[in-house]
Amino acid sequence: MKKQTTQSSPAGPRPWYDPRVRSIFFQIVAIALVAWGGWTLVDNTLSNMESRGISTGFGFLDESAGFAIIMHLVPYDATMSYGRTFWVGLTNTLLVSAMGIVAATILGFIIGVARLSNNWLVAKISLVYIEVIRNIPLLLQIFFWYFAVLSNLPSPRQSVDVGGAVFLNNRGLYLPEPLTQDGFGLVWAAIIIAIAAVAGLKTWARKRQLATGEIFPTFKVGAAIMVLLPVVAYASAGQPLEWDIPALKGFNFGGGITLIPELAALWIALSLYTASFIAEIVRSGILSVSKGQTEAAKALGLPNGLSLRLVVIPQAMRVIIPPLTSQYLNLVKNSSLATAIGYPDLVAVFMGTTLNQTGQAVEVVAITMAVYLTISLLISLFMNIYNRAVAIKER
Amino acid sequence: MAESTMKPPKKTLGPISWMRQHLFSTWYNSLLTLLVGYLIVTSVGPLLNWVFLDANFKGSEPGDCTGAGACWLFVSQRLNFFIYGFYPDELQWRVDAMFLLLAVAFVPQFIERFPGRKWLGLFGITGLPIIGYFLIPGGLLGLEPVESTKWGGLMLTLILAYIGILASLPIGILLALGRRSDMPIIRGLCVVFIEVWRAVPLITVLFMASVMLPLFLPDGMNFEKLLRALIGITLWQSAYMAEVIRGGLQAIPRGQYEAASALGLGYWKKMGLIILPQALKFVIPGIVNTFISLFKDTTLVLIIGLFDVLGTVQSTVTDPAWQNVAVEGYVFVAFCFWVFCFGISRYSQNLERKLDTGHKT
């Protein structure tokens with residue numbers, strides 16, 4: 001009897017003290033809870049939908065939508081399907097996101113560098129900008145630009161006029177639209193050739209520098225190629241570009257590109273708001289490069305520009321990129337605030353009007369969330385690839 | 001001997017040399033200074049005029065706004081609505097009492113050496129919500145009930161932010177621990193939860209809470225709109241919180257985990273006594289950033305028809321009786337948010353300095 005107990009005890013502690021047994025137990029409990037929760041949700045949803053007479057499935061995407069949308073990048077009218085409203089909303093979201101990312105990045109880098117300027121006034125002004133803008137809700141800023149600023153602009157007849165080509169009034173911002181004529185293909189070809197030539201030049205210059213140590217002025221020559229080649233092509237093809245300049249017709253402007261006030265307000269607010277965060281990211285990135293690095297670059301005899309380009313910025317980018325990615329993601333997600341002022345983005349058009357008209361809540365919400373999930377993953381992917389390219393390789 | 005009579009060097013002290021160093025060190029700095037200075041002079045003067053000198057403070061009707069500047073009468077006339085929403089006038093003392101308790105609990109946190117400061121803070125995160133639970137909705141202890149549809153204004157904003165912050169921190173900690181757990185299934189569930197919530201905009205979450213949650217629940221069980229919004233905000237924000245805390249957990253050296261295990265501490269003791277105190281201290285700035293963004297994001301509830309402070313202002317700026325008062329209303333809301341957000345961020349910087357035990361250089 002006694003022998004048996006001593007034999008069984010080396011098998012370890014009692015099973016409920018064994019970390020492996022415990023972890024398996026907890027995981028089974030977790031799976032059971034999630035499965036039970038999920039099953040309850042699905043069951044409830046199905047029975048609720050049945051009792052309310054809501055059909056399921058994606059058939060509604062082919063039905064006619066029957067509502068107008070004030071701005072669409074893809075052809076659209078009220079007779080088209082809900083599937084088409086989805087594309088209208090998606091392209092509008094992508095447009096304002098892309099515009100916002102570009103503007104916020106440029107502005108953010110400028111303000112971030114200005115914050116570190118040795119000019120006291122410039123540094124303080126950027127500090128005030130950052131502290132004011134980022135502590136005020138974005139939705140309020142969108143309302144401010146839309147209801148307080150843009151809707152108080154003069155009517156089309158008294159438009160603010162910039163050089164007779166750009167007009168600003170309470171109906172929007174009117175820009176001249178470039179119309180490509182026959183033969184413009186030559187210019188596109190020239191641009192592609194120029195890009196290829198500059199890429200080739202860069203590899204050649206690097207090879208030569210590795211072999212002989214001589215530095216070729218790649219940037220200046222490359223810029224010259226990028227400008228000259230398309231210009232020559234443009235002139236030799238007989239200047240195949242015309243501008244459609246907006247003009248007052250009756251009560252409103254016609255022609256050109258129109259930036260509706262909803263888009264303008266959303267763009268301005270998103271860019272200014274995100275820029276205040278990017279500025280702080282840029283500042284922390286630059287400050288993270290230790291002073292010794294700059295001093296070492298100076299000691300090597302590198303001029304200011306080169307030491308910035310070859311020593312400071314590559315190390316700063318390593319710190320800047322990950323949080324910058326998050327800011328881009330935030331900007332895309334924040335563009336959904338468009339709903340509040342009526343810019344027809346994905347959420348407003350699809351999750352708003354389409355959902356209300358069809359009642360297909362589950363499908364519409366699922367599609368919308370899947371779209372945002374995809375956009376977020378794509379941005380993370382591209383930024384991670386870029387991050388890997390600029391990361392400092394340690395061996 | 002001539003050396004001893006040498007005068008001290010000029011141009012290194014005094015305002016002139018300060019300006020020479022900080023404003024006019026190079027030609028482009030001088031140009032920048034002049035440009036920015038010009039912009040400031042031309043914008044600050046009119047701004048001050050608008051806000052103070054030409055503004056209208058006296059009177060009670062729209063017609064009393066005769067000056068060229070801001071019409072603050074609009075804000076002062078509607079202040080009651082902006083702060084309390086539709087909360088009944090005679091019961092507003094309950095909200096006032098909560099405001100007072102909130103101030104008693106948190107204002108001393110900014111004052112070093114205030115007696116019993118820690119206890120007041122502890123009361124703020126334990127006792128205060130319990131008192132609020134009885135006081136604001138009423139219905140118990142002989143207090144007249146006030147439905148949540150009548151709550152609004154600044155008071156609703158603070159309720160949303162306060163409960164959101166209190167709930168999202170512990171949920172975020174649990175999610176972060178789950179994501180770093182050795183158990184693959186629990187880790188996977190946490191990763192999916194965090195990534196999905198973080199990838200979708202808060203608006204879609206709020207839409208879902210207001211449109212889809214009723215579909216998910218069994219018949220007869222229904223939450224109020226406010227509670228649904230609160231659940232959405234909290235879950236969304238706790239996913240962000242989890243990532244911040246994960247960063248802190250990753251910054252703790254392996255040796256700390258191993259030392260805690262060597263002492264024979266179990267999982268929860270190891271985390272609660274050794275790892276989390278250090279990890280949370282590391283990421284105070286990130287946690288506070290999340291709090292601040294949650295505070296600002298509470299404004300989004302106006303999209304699903306709740307009247308937070310921005311919602312109350314937005315619904316009145318279009319009142320035909322008052323002309324062009326949108327800017328005044330927005331400035332008021334901006335000021336409310338700015339004071340809170342700036343205060344929180346300053347407090348966190350203070351806390352960071354105080355808790356710094358020399359881990360950072």
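## Nonpolar surface patch

A nonpolar patch here is built from residues with over 30% relative accessible area and no salt bridge, with the side chains of Val, Leu, Ile, Met, Phe, Trp or Tyr joined within 5 Å. In this predicted model, A:Phe25, A:Phe26, A:Val29, A:Leu33 and A:Trp36 make such a patch, with an area of about 550 Å².

## Disulfide in chain B

Two cysteine sulfur atoms count as a disulfide when they lie within 2.5 Å of each other. By this rule there is one disulfide over all chains. The bond links B:Cys65 and B:Cys71, with an S to S distance of 1.8 Å.

The torsion about the S-S bond of B:Cys65 and B:Cys71 is about 70 degrees, and the disulfide is therefore right-handed. B:Cys71 has a relative accessibility of 6% and counts as buried.

## Other cysteines of chain B

For B:Cys341, the closest cysteine sulfur is that of B:Cys336, at 11 Å, which is too far for a bond. The cut-off for a disulfide is 2.5 Å. B:Cys341 is buried, with 0% relative accessibility.

B:Cys190 has a relative accessibility of 10%. Because buried means under 20% relative accessible area, B:Cys190 falls in the buried class.

Key
Residues are numbered from 1 along each chain as its sequence is written. Chains are lettered from A and ligands numbered from 1 in the order in which they are written. This is a predicted model: local features need pLDDT of at least 70, side-chain atom pairs count only at pLDDT 80 or more; totals for chains, interfaces and linings use all residues. Side-chain values use heavy atoms; hydrogens and water are left out. Patches are made of residues with over 30% relative accessible area and no salt bridge: like charges are joined within 9 Å, nonpolar side chains (Val, Leu, Ile, Met, Phe, Trp, Tyr) within 5 Å. Accessible areas come from the Shrake-Rupley method with a 1.4 Å probe; for residues, only the protein chains shown count as cover. A salt bridge is a side-chain nitrogen of Lys or Arg within 4 Å of a carboxyl oxygen of Asp or Glu. Buried means under 20% relative accessible area, exposed over 50%, partly exposed in between (1.4 Å probe, protein chains only).
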